[in-house]
Amino acid sequence: MADLPKHARVVIIGGGIIGCSTAYHLTKLGWKDVVIVERKKVASGTSWAASGLVGQLWADEALTRLAKYGTELFDGLEADTGQATGWKQTGSLRVAHSEHRVHEFDRSMDLANSFGIEMERISLEEAKNYFPLMDTSDLKAAWYQPNDGFTNPEDTTQALAKGARQGGALIVQDCEVTKIVKKDGTITGVQTTLGDVECDYVVCCAGMWGTKIGKMAGVSLPLHAAEHMHMTTNPVEGCPKLFPYLRDMDKCIYIRPEGGGLLLGGFEPVAKPWGAKGVPNDFEFTQLQEDWDQFEMFLENAVEIVPAFAEAEVNSLTTVPESFTPDCLFMLGEAPGVKNFFVASGMNSVGISSSGGAGKALAQWMDQGYPEEDLWPVDVRRFDSWANNQNFLTERAYEATGMLYWDHFPFRQPETGRNIRRTPIHDRLAGEGACFGQVQGWERANWFAKEGQKAEYEYSWSKQNWFDNCGEELMAMREGVGMYELSSLAKFMVEGKDAMRELQKICANNVEVPIGKVVYTQMCNERGGIESDITVTRIGEDKFFLATPGATGTRDMDWIKRHIDPDARAICYDVSNTYTMLAVMGPKSRELLNDICPQDLSNEAFPFGTAQQLDVGLGKPFAIRLSFVGELGWELYCPVEQTLAVYEAIMKVGPKHGLKLVGMHAVDCGRIEKGYKHWGSDIGPDDTPVESGLGFAVNYNCGDFIGRDALVAQKEAGHRRRLVNFVVQDPEVMIYHDEPVYRNGELHGENTHGAYSYVMNGSMGMFYVHDDEKKITKDFINDAKYEIKVEGKLYPIKVYMFPPYDPKSENVKK
């Protein structure tokens, strides 16, 4: 057993498979002085008891690449370390009992092919040949992935631990961290039950202890444990020794081979949260009390598809707690607000499958200062402090476990942990028929039900029950006037004598503008990639108001604060909860506001891209003349206490002007029609403004902003990618994200995000056209045939370099 050193470059907290993988990959990158501290023994938390399934396909390309790497790692790990792992590349089967699931898995197959993963739809006869014990009589379809498999979780953890040791890492067991030490917001060390260690980095790989470790660092890590169970049988007659493991998500179960018998587990729709009051100090290779009543659903469902379970002898029932996050995606990356505190926790029962990729990605992030992939879906900065509420986490844990296997419909909303963040007009909107969705805890009106229609989603993969409602809402903004609430926007103030200087350094556009001027800009990294997509409004000599999507608020605030010089006379602070936002949009928006606002709203008095304080009814909102839907309109930032006054004034005159309340689905359709980009889907850290058609928002003459050199070099050399718009020519085809796009019959890219265009009468999206041989040209883009694959079928699409709706952006300036 290694002695605890006095100093290390990095201390990894947690000796489970994630911590060992991180250490293994850091040593592969040449890091020395890597130390794992484990409160008990390696793998003794939950890693030892996992079922060991390893799948390659995720709903995101970057995460799929990480998962694919995991199978490649396990394939050679035993040879690399000399430690047996139990890895078996058996392949996997997916089956569907419902038409909804057929649609989902056919779309998953499209994603797999796009991401370079082998997956094919097979006949039910072929499926039974792979797994002879399966009864296929109730199945509608089956799919096969040959490169999936399973591994022995404890042996694999020990192999990664051995590999880390061989690379120079130390693993100190029976050593519990009691305090994390910081200075000026930067990690300097840890205190443990065996002594203190000075270090440059700390990595939290503590599993269900992650929230506790996060609190020591002053970081919010929202996760909660829930019981997870799997059963093994004695050998079963006629059971192959090896077969592709089975996922029957309609029945909430998975089945894999185990010693001539079967292993059965699952993810129930209503789970059993565990550990709300903490994890016992003596927790080590601990099993929880068996609960056959909870497991009964899995066993009954298993008998239906594998009748042999009815007579099989039970060998064991393993019940252990596993940690789940509110959105059932793990947390990875450098935590906000603390320099050099990294996280890989909350693995949502896919820790074994994710361990190789997560460990590699985190090691690369630490080594080069940024991740090799755009990992926003699992970025720890996607959570704000509101989510670290014990009651919320317990309530969500009932549902989060089942999210893994539920029908993954587009726009599906969680049912638990709702109504946390509501604005003063929430109940008014509900009374008008709003159907709400949740983003960053905020309840947002996604669409409005008509009279006699329930304000509830009826989910499907085709046009959902709100399709017509959304079209009417959008066309109200296109032809008349509509109002939507977007108070979930994150809103910051940057203030101080050096505020402008610091923003000029961070922003790619020029913010040295007159007071009242609004600037649309990106914040770029050193590679020219887009880290944030924001508006900056100068509201005073040394004061700027910033607005950014609510989902990225924590991330964007962290980026800004990290790049303000510590000695600068400038601060950035959050005012998101101080202001609501009501947007009045459409060709009749000026006419409506003129009825309740004494100020002059003409183009001369209130031009596009400017801001003023207005008197709207009895309220005094700060008004910005911008539009995310491509129409004349104003965003009204209201002091929270005046929100109702402004809303009531607008609604009072609304009928006279044909005002229609609008939900977020219509806003999304509007922005897609106008080709407006959204960070996290269309643009991100690996995409530059030059490539994504945002070069107009870059000012190369306003100083040496972050990323300028990279953008200048790309502009001079000529870029090889260009984000374009497209319309699907079949009006019945619905697209959502990552559908593969073909150019002249060959796979070329993926749809970044899709929504329906009621103006163009078809689904619209965006994708990056690329020419790997030379710089991209207009002819290269236009002189080709393009198609998109949806559920295995190719459909023609028409590509536009500029948005087909109002390409010159004349409407917003009327």
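Visitor: How many aromatic pairs are there by the rule, and what makes two rings a pair?
Guide: The count comes to 36 aromatic pairs. Rings of Phe, Tyr and Trp (its six-membered ring) pair if their centres lie within 6.5 Å; planes under 30 degrees apart are stacked, over 60 edge-to-face, and the rest tilted. Please keep in mind that this is a predicted model, where local features need pLDDT of at least 70, side-chain atom pairs count only at pLDDT 80 or more, and totals for chains, interfaces and linings use all residues. Residues are numbered from 1 along each chain as its sequence is written, and side-chain values use heavy atoms, leaving out hydrogens and water.

Visitor: What makes the pair of Phe411 and Trp466 edge-to-face?
Guide: The ring centres are 5.3 Å apart and the planes stand at 80°, so this pair is edge-to-face. Phe411 is in the loop between helix H9 (390-403) and helix H10 (426-431), while Trp466 is in the loop between strand E21 (442-448) and helix H11 (467-479).

Visitor: Why does Trp466 count as buried?
Guide: Buried means under 20% relative accessible area, exposed over 50%, and partly exposed in between (1.4 Å probe, protein chains only). Trp466 has 8%, so it is buried. Phe411 has 28%, so it is partly exposed. Tyr201 and Phe342 are both buried.

Visitor: How do you know that Arg721 sits over the ring of Tyr768?
Guide: A charge sits over a ring if NZ of Lys or CZ of Arg is within 6 Å of the ring centre and within 35 degrees of the ring normal. The charged end of Arg721 is 3.9 Å from the centre of the Tyr768 ring. Arg743 lies over the face of Phe780, at 3.7 Å from the ring centre.

Visitor: How many helices and strands does the protein chain have, and why is it called as compact as a globular protein of its length?
Guide: There are 18 helices and 39 strands. The radius of gyration (over C-alpha atoms) is compared with the globule rule, 2.2 Å times the number of residues to the power 0.38. The chain has 27 Å, close to the 28 Å that the rule gives for 814 residues, so it is as compact as a globular protein of that length.

Terms used: Helix = DSSP H or I, 4+ residues; strand = E, 2+ residues; numbered from the N terminus.
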